[in-house]
Amino acid sequence: MRTAWLEAAMIALTSVGAALVGLLLTWIAVGRGPRRKLTPAAREDVEEVALLFDDEALVDATPPARRLLETMPVGVTDWARFTAFAAPRFPEFQSRIARLSEFARLEMTETATRGDKRRLRLTAENLRGLARITLIDPEGEGQGQRVDNLSLRAMEDELEMMRATLDRSPVLIWRIEKNGELTWANRAYLLRAGAFDADEEGFGWPLPKLFTLPPDAFSGGGPHRLELTSPAPGASDVATWFDCHSVVLEGGTLHFALPAEAAVRAEQALRDFVQTLTKTFADLPTGLAIFDRDRQLRLFNPALSDLLQLGPEFLATRPTLYAFLDRLRETKMVPEPKDYRSWRQEMTELERAAASGFHAETWNLPGGQTYRVTGRPHPDGAVAFLFEDISSEASLTRQFRGEIEMSQEILDRIGDAIAVFRPSGELAISNAAYGALWGVDPEATLGRVTLLDAVKQWQACAEPSAFWSWLQNLAREIGARENLTEEITLLDGRRVTCRLETLSGGAFLLRFAVAETSDTPPPRKAEAIIAQ
């Protein structure tokens, strides 16, 4: 029994050992055999960007193509939106695509910009009157590329912000390629050009050109002042002015048009004002000369040349102030100086006085003319001189002064004391006999001398009389006075006859005649004077 059990155990152990040896041999065989290569999973094909157009109507498009159209600005048609994308990138896109019916197939390559070697390819096929357009990116062709969603979102947000900024800018902005084609413009430009449809839901293509730019604008020159007559529907044909600035880009130029209507109006108003001043100065009989802060002649009128006998050709050379005064000295149009040094000192003082404030002086010229020279400061350190011929005025003044002096001399020769008062009661004139009689000198009196003041002086030198009260009441009356004659007695006993006579205009005259006494010598007769 025991022997049987041992035999069964031995058979079991032998079977287990055989199994283990078989497994080991199998593992060794597998480990030393050739490894099987793993076949990668087939990648998904990248869907191409393809669009199918029937004239300007979009018949069909792949999802990437539709996403592309959604990123473009709103257009009147889907074709206009696609053209806004393709025209800036493919040279002569519009002219070539318009001839697609003549060819079975067209291929275009994107214009190289910014040194980018990756350039799009565009293929257009004519399929029984339909246009199938395919965009191919050589770098991304046949390759699945993963995009970071956060980066894409950031770029889309930045793009939206830039579009909103440009669309709300009041400045007209547009881009022109090297071939002269206008490929992009902001909303302000499109509105001004009338490119939007009636509902402002889209715009047509090609974009209209509002401005005719000078050649140097495409090389970055400017700014240029350009005039524009708005062609927008419903807009009035009022000329509008813009200052256009140009920036050179790789592949084209970017232009900015800033409104300049206010500046143009201000400049026009300034020109009109200057023309008005010029006409006014030209008609003035007064000579005008304006020197800038460097004392160089900047403005003069024709009267200056006539008054100072200076040729217009000399004034047109814009001489300095001292060259101008030297020429006046040569032509003897300044007061004759004692010597050149003193004359130059006087001219220097004249310039300083005119620059610091209002200054006027009179020039008595050797030729007999009399000029009034006025100098006054102007802004920014400039100074203006006015030359006025006052010869007739000076002559008339001298004549009046001579007549007044002669009239005064005649009054002084009269023996009676005479005082003339204005209608207001102020003393106007008196003679020497008046001062001697009453012991006053009206010319030496400070301030005004009225009739009331004079009556007080007369009362102090004479005996009381009702005549003084009457004269005081007369001083308070307004209007014409009645003629009156009265006799008074001075404190020294002399009797004086007072006569009041009304003059024209309300003035009146008081004459004081001293009665002759036995001590007064009789007047000499003319026969006796002649006999002597």
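Predicted model: local features only at pLDDT ≥ 70, side-chain atom pairs only at ≥ 80, totals over all residues.
## Overall make-up

The protein chain holds 16 helices and 20 strands. It has 532 residues, and buried residues make up 33% of them.

Contacts also reach along the sequence. Take those in the protein chain between residues at least 6 apart in sequence: 38% join residues at least 24 apart.

## Helices α2 and α3

Start with two helices. Helix α2 spans residues 63-71, and helix α3 spans residues 78-86. Their axes come within 9 Å and cross at roughly 85 degrees. An angle of 65 to 115 degrees counts as roughly perpendicular. The two helices are therefore roughly perpendicular to each other.

Which residues make the contact? From α2 come Leu68, Leu69 and Glu70. From α3 come Asp78, Arg81, Phe82 and Phe85. By class, the contact has four nonpolar and three charged residues, with no polar ones.

## The two sides of α2

Pro64, Ala65, Leu68 and Leu69 of α2 are buried. They cover an arc of only 140 degrees around the axis, so they lie on the same side of the helix. Arg67 and Glu70 are exposed on the other side of α2.

Leu68 and Leu69 are buried, and both take part in the contact with α3. Glu70 also takes part in that contact, yet Glu70 is exposed.

## Salt bridges

The count of salt bridges comes to 20. One of them joins Arg66 and Asp60, whose closest N and O atoms are 3.7 Å apart. Arg66 has 40% relative accessibility and counts as partly exposed. Asp60 is partly exposed too, with a relative accessible area of 42%.

A salt bridge also links Glu261 and Arg265, at 3.7 Å from N to O. Both residues sit in helix α7 (residues 261-283). Because they are four residues apart there, about one helical turn separates them. Arg265 counts as exposed, at 57% relative accessibility.

Another salt bridge brings together the side chains of Arg372 and Glu393, at 3.4 Å from N to O. Arg372 lies in strand β14 (residues 370-377), while Glu393 lies in helix α12 (residues 391-413). The pair therefore ties together parts that are 21 residues apart in sequence. Arg372 counts as partly exposed, at 25% relative accessibility. Glu393 is partly exposed as well, with a relative accessible area of 41%.

Salt bridges can also form a network. Arg105, Glu107, Glu125 and Arg132 are linked in this way.

## Pro335 in its loop

Where does Pro335 sit? Its place is in the loop between α10 (321-330) and α11 (340-356).

Leaving aside residues up to four places away in sequence, Pro335 touches Trp343, Trp363, Asn364 and Leu365. Thr370 is 35 residues from Pro335 along the chain. The C-alpha atoms of these two residues are separated by 9.6 Å.

Definitions and conventions. Residues numbered from 1 in each chain as written. Heavy atoms only, no water. Axes fitted to C-alpha atoms, helices over the stretch in contact; angles between N-to-C directions. Parallel < 35°, antiparallel > 145°, perpendicular 65-115°, else oblique. Contact = heavy atoms within 4.5 Å. Nonpolar A, V, L, I, M, F, W, Y, C, P; charged D, E, K, R; others polar. Buried < 20%, exposed > 50% of the residue type's maximum accessible area, 1.4 Å probe, protein only. Arc of directions from axis to C-beta. Salt bridge = Lys/Arg side-chain N within 4 Å of Asp/Glu carboxyl O.
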